[in-house]
Amino acid sequence: MIHTNRIIRPPFERRSKILHVTTGCSHNKCSFCNYNKNTTYKIRTIDEIKNDIIKLKKEKYVFRRLWLQSADPFALDTDYLLKIAYNVNKYLPFVESIGSYARIDNLNNKTEEDLILLREHGYNHIVFGLESGDDNLLGKVNKGYDRQEALRQLTKINNAGMDYTLIYLCGLGGLNYGMANAYKTAPIINKLNVERIMINTLTLLENTPLYDDNTFKTATEKEKLSEIITFIKQLNIETFIDATHASNTIKFFGEIPKNKMHIIDHLEEILNNNTEEQLKQKHKKIKQV
């Protein structure tokens, strides 16, 4: 198996088998991300992908899920994705589903009918980097879409009956902007049928425009925790909240609305019983690990 750049996947996909179909990111302009800054976006040929699928037949254990690599393989058009699925079904008939990271605009080249067809051929549980529902913030970090476009595109995947995860990026607005991010993002998500909300926390990475922006001030640990609490309080849909990503100082997982108050009470207790310095120390321990 060949991987020309780093493998990226969410924690809950750690048991999925990797299939490399693209290199880099189709957008590669987000001001907070450096994962693919020095990588040219490329699409592997069907023959190359097919050969790797055949190699996966030699695995010693039967796996049920494939995770497509790299940043947003779902940018591929429907026909190409179906060709991949055809080879998966032919050589790995035990695979039950195929997933990947995706951008909102990866849905631009797909109709609801396309998405239904992809779901019928195994594509499901796609992870979209929504990050925020605040137009001001989306513009500043150069995500490449606004909140109405996000709602329009995600409604298509809702109507197609495909399960998916949305990433919410806490701290993206910087100092004193967390509440605005929470209040403007939750209403968008409340209009959707989201299987899981994955909460990540912004980490300033070197060699990114945001890192080099002298006007950007990182939110305090207390503000970031308050932002997460506010965000969860605004949610009124049935979904799962997953904050197990390594970027989060406080990790938790739960079901909304079933565990909503328990999560809020737990986070508020931590917020009220820890100083800023204590929370910083917790965060440093995570970074060391």
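This is a predicted model: local features need pLDDT of at least 70, side-chain atom pairs count only at pLDDT 80 or more; totals for chains, interfaces and linings use all residues.

Colleague: Is K143 buried or exposed, and how do you know?

Modeller: Buried means under 20% relative accessible area. K143 has 4% relative accessibility, so it counts as buried.

Colleague: Which residues does K143 touch?

Modeller: Leaving aside residues up to four places away in sequence, K143 touches H27, C30, F32, R103, G129, E131 and L138.

Colleague: What makes the pair K143 and E131 a polar contact?

Modeller: A polar contact needs a pair of N or O atoms within 3.5 Å, one able to donate a hydrogen and the other to accept it. The side chains of K143 and E131 are joined at 3.3 Å, and the pair counts as such a contact.

Colleague: R103 was in that list too. What makes its pairing with D105 a salt bridge?

Modeller: The cut-off is 4 Å between a side-chain nitrogen of Lys or Arg and a carboxyl oxygen of Asp or Glu. For R103 and D105 the closest N and O atoms are 2.9 Å apart, and the pair forms a salt bridge. R103 has 5% relative accessibility and therefore counts as buried, while D105, with 24%, counts as partly exposed. Elsewhere, salt bridges that share partners join R44, E48, D52 and K55 into one network.

Colleague: How many salt bridges does the structure hold?

Modeller: There are 12. One of them is formed by the side chains of R65 and E13, at 2.9 Å from N to O. That pair links distant parts of the chain, with R65 in strand β4 (residues 65-69) and E13 in the segment before β1, 52 residues apart. R65, with a relative accessible area of 12%, is buried, and E13 counts as buried at 4%.

Colleague: And what can you say about K17 and E59?

Modeller: Their side chains meet in a salt bridge, at 3.2 Å from N to O. K17 sits in strand β1 and E59 in the loop between α1 (46-56) and β4, 42 residues apart, and the pair links distant parts of the chain. K17 has 16% relative accessibility and so counts as buried; E59, at 33%, counts as partly exposed.

Colleague: Let us turn to the sheet. What is the order of its strands?

Modeller: The order is β1-β4-β5-β6-β7-β8-β9-β10, an open sheet of 8 strands with mixed pairing.

Colleague: Why do β1 and β10 count as edges?

Modeller: Because β1 (17-20) and β10 (253-256) each have a single partner strand, one side of each is left without a neighbour in the sheet.

Colleague: How do you know that β5 and β6 pair?

Modeller: Pairing asks for at least two bridges. Strand β5 (residues 97-102) and strand β6 (residues 126-131) are joined by 2 bridges and run parallel. Within β6, F128 is the bridge partner of A102.

Colleague: How many bridges do β9 and β10 have?

Modeller: They have 4 bridges, in the antiparallel sense, and D242 stands opposite F253 in β10. On β10, G254 and I256 make up a covered face, with F253 and E255 on an uncovered one. In a regular strand the side chains alternate between the two faces of the sheet.

Colleague: Is A246 buried or exposed, and how do you know?

Modeller: Exposed means over 50%. A246 has 53% relative accessibility, so it counts as exposed. This residue lies in the loop between β9 and β10.

Colleague: One last topic. Which residues touch the most other members of the largest nonpolar core?

Modeller: They are F74, I84, Y123, F128, F231 and I232, out of 68 residues in that core. Helix α2 (residues 78-91) gives the largest share, 7 residues. A second, separate core of 10 residues includes F32, L172, L202 and L210.

How values were computed: Residues are numbered from 1 along each chain as its sequence is written. Side-chain values use heavy atoms; hydrogens and water are left out. Buried means under 20% relative accessible area, exposed over 50%, partly exposed in between (1.4 Å probe, protein chains only). Contact means heavy atoms within 4.5 Å. A nonpolar core is a set of buried Ala, Val, Leu, Ile, Met, Phe, Trp, Tyr and Cys residues joined through side-chain atoms within 4.5 Å.
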